[in-house]
Structure formats: structure tokens, C-alpha cells
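Me: Here is a structure to go through. Let us take it in short questions and answers.

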Amino acid sequence: MEWRSKDAINSMLFFSLLVVVIFSFAFNPTAEESRLIAGGLIWVAFLFAAVVALNQTWARELRNQVLDAYRVSPAPPHALFIAKALGNFLFVVILEVVMAPLFVVFYQLRSVGPVWQLVVVALLGTWALVVNGTFFAAMSIRTRNREIMLPLILFPISIPALLAMVDATTMILTGDGTPSFWLKTLLVYDVIFTAVSLLLFESVLNAE
Amino acid sequence: MKPISIAFIVFTLALLGFSTYQALVVAPTEATMGDVQRIFYYHVPSAWVAGMCFFVNFLASAVYLWKKNLDADAMAAASAEVGVVFCTIVLITGPIWARPVWGIWWTWDARLTTTLVLWLIYVSYLVLRRFAAGGQTQVLSAVLGIFGFLDVPIVYFSIRWFRTQHPSPVMGGGEDSGLAPPILHAFLWNLLAFTFVGIVLMAVRYHLQKMENQVEAAHAQLALQGDAR
């Protein structure tokens, strides 16, 4: 369904490209430095890009009262939520796959630690962002200042996940220690917030 | 207002006066830190009250989602507001104490960072309450209340681990070494007094919110009658 309009993916891609370029002007790092800061840069870029996309997930449904249709339809709300979250997850993963080589080129990145761990961090971290983001987007769509509300409630709640992602990424890139604690933290975070989102999504969907 | 609530408020004010006297006059000046240590009598009780408020907020949010009871929502609103006020006091008094004692205003230590994140979460809660539209406010904010409360332990443990990996040199000036009896005495009085102040503020705010709800319901009723005529 998302493929009908390529607005979201295109704006996300372009947006994170801009972030990459602007950061590289702002910090002008050498290869050594960039290994230290890239973990933070990458995730901040993806976080902002994800917010741009997440804001649109439910907005599209609102336009033709599709959300009301979902509400009266017999389909379970969890299914709707999982589908939305998976769709967003796929989106952000595609974005990351496209953007990762650009990061490598622009910042002369070369990982000291094993690369497959980066993939695990990326998958777990993306799910953490997306599951909360999808949930809070469904909430912020009901408020008066829609677009600005999502980051306002998403960022504070996501701080532990962000910390885990950034630190794990930096550890792998610099080969400095093993990120197993952060991977566990991310996993726990993912499990808890996926469960809570599923539990509470019905009341958000039906809030009137 | 009922006489019993007035009595309770008067009692709380008296208790607060007594505990302030305890903290500023009776308690001895701390040997190494000097008078600045007295801020401790306000800092820690405020943190306790903030924690209590956020816990009440969590309970009230859960009750609201379960029973759809507007009074529970009023309680959630009241506790979040009072909690943010006390959390702000903690965040202001902390640096005032830290500057002369640690030599810096702020450090990204586990407790400090957790308190800051806590504050951010509940400020976003209040922003959401402010901007949510009409009848959805209660559900949305109750949901965020639950999310926020669940987030706090994760924040604490992740940051604690993060910071023990990179210890900061200024740590170790905390109150870990146990309290001398006269200081403990004054501290406990203040803890009690602040707990009562917190409860009074929450109760007053709760009644205000209930009144607001009644006014709103009356307006709605009036509008409906107006349509019928």
C-alpha cells in the first residue's frame, strides 16, 4: 500500500542524506574521530528520518476516515498495529541499507569489531524506534499539533534505547569491549514496549 | 471546603514550619560542606515526593484505562503536575549543592540523568494533556503515563551501567556514608513534612480538576438543552 506514493521513502532518504552531509560539515572529522562519533550520528540521522516517516503512517488513514473504518471492522486491533509497525520497520530498514554505504564513504568508516553485530544492533534498535514510534504516532495524530507532538513524546521514552544503540554501535566500530549488555538491554526494551503497545493499542484506537 | 481538609492543611503548614526550623536552626552545621549541606533537607524529600507523585500517576492511569473513571484521570493529572513541580525543585537544588561541593553544576551520573529523563517524560505528559483534543485527552495521557513509568527503571539501569563503565572523577561526594543522628532527625522531619505537602497539593489539585470536569459537564448539558429548545 505504501508503494502507491513514494513520498515517504523519498523524503526520508533525502532527509537523512542531508543530515549526513550537514553533520560532516559541522564536525569535519578524521577517520579516527569519525569512528568515535559515527554511532551517534548514524542513529540521530535515522531517528529524525524515522520521525518524518512515522508522522505520515496514520495521517494518510485519517484523510479518508479509514481509521474509523478500522475501528468498526471486526479485525483485531493488534493485527493492525503489528502490520503498521512491520511496514514502518521495513521502511526504516531499507533506509538504513541505502544510507549505510553513504556513511561509510563520507566518514571513511571501517569497523574494528565484527560487522554482523552491527546488523543485530540495527535490527533491534530499529524495532525499538519503530514500535514506539508507530504507537505514539497513533496517539499524536489525535492531538492539535500533530507533527510536533510525536518527537515530543517519542524522544524522552526512547532515551534508553537510543543510548543502547549508540553505545553498542560505537563499541563495535572502535572494537572497544563487547556490546552484549547493550544488546540485552535493547532486547528487553523491545519485548517490554512491544507487549505494552499491543496491550494498550486498542484503547488508543478507540479513544474518542 | 470541609473542616477536616482545613484541619489537615493547617496541620501540614505547622509541620512544615517545624521541620524548616529543624533543618535551618536545630540541625548542626555539617563539618566539611558547611551550611550548603542544609539543602539536602529539601532536595531529598522533594525527590521522594516526586517519585510518590509519579507512582500515583501510574496507578491512576492504570485505573482510568481499566474503569474509565474520570476521577482517576483527575488524580493522574494532579499527581503529574505536582510531581513535575517537585522534580523541578530536585533538579534546581541539586546543582546549587553540587557546585560548591563537587565543584561542578552537573554530571551525567546515573541518578542525575535518570531524574532529568523522568522530568522530560512527565513534561511531555503535561504537553500531551494540554494538546490532546477533547475527550481523547484522558485515554492518551493515561497510556503515556504507563509508558513513562515503565521506562524509568530501564533508564536507570542502562545509565548506571553506562556510567560505571566511564567513572567520573567528581563522584564519591554523595551521602553514602550514613547520617549523623541530629542530621537524620532533621531530615526525617522534613521528609514527613514534604510528604504531607505533596499529599495536600495533590488533593487540592485533584479537587480543582474534578470541579473543572463538573463545569465542563454542566456546559455540555447546557449546550444540549439549548439545542433542544
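Me: Which helix of chain A supplies the largest share of the side that touches chain B?
Reply: This is a predicted model. In it, 25 residues of chain A are in contact with 27 residues of chain B. On chain A, α6 (146-174) and α7 (180-205) each supply at least two residues of that side. The largest share, 10 residues, comes from α6(A).

Me: How many residues of the side of chain A that touches chain B are nonpolar?
Reply: Sort that side by class. Four residues are polar and four are charged. The nonpolar count is 17.

Me: Are α5(A) and α7(A) roughly parallel or roughly antiparallel?
Reply: Helix α5 (residues 115-140) of chain A packs against α7(A) with axes 9 Å apart. The angle is about 20°. Angles under 35 degrees count as roughly parallel. So α5(A) and α7(A) are roughly parallel.

Me: Is the crossing of α5(A) and α7(A) left-handed or right-handed?
Reply: The contact includes A:W127 and A:F135 of α5(A), and A:F193 and A:F201 of α7(A). Its residues divide into 17 nonpolar, four polar and one charged. As α5(A) passes α7(A), the crossing is left-handed.

Technical notes. Residues are numbered from 1 along each chain as its sequence is written. Chains are lettered from A and ligands numbered from 1 in the order in which they are written. This is a predicted model: local features need pLDDT of at least 70, side-chain atom pairs count only at pLDDT 80 or more; totals for chains, interfaces and linings use all residues. Two residues are in contact if their C-beta atoms, placed from the backbone, lie within 7 Å. Helices (H or I, at least four residues) and strands (E, at least two) are DSSP runs, numbered from the N terminus. Ala, Val, Leu, Ile, Met, Phe, Trp, Tyr, Cys and Pro count as nonpolar, Asp, Glu, Lys and Arg as charged, and the others, Gly among them, as polar. Axes are lines fitted to C-alpha atoms, for helices over the stretch in contact, and angles run from 0 to 180 degrees between N-to-C directions. Angles under 35 degrees count as roughly parallel, over 145 as roughly antiparallel, 65 to 115 as roughly perpendicular and the rest as oblique. A crossing is left-handed if the near helix is turned anticlockwise from the far one by less than a right angle, and right-handed if clockwise.
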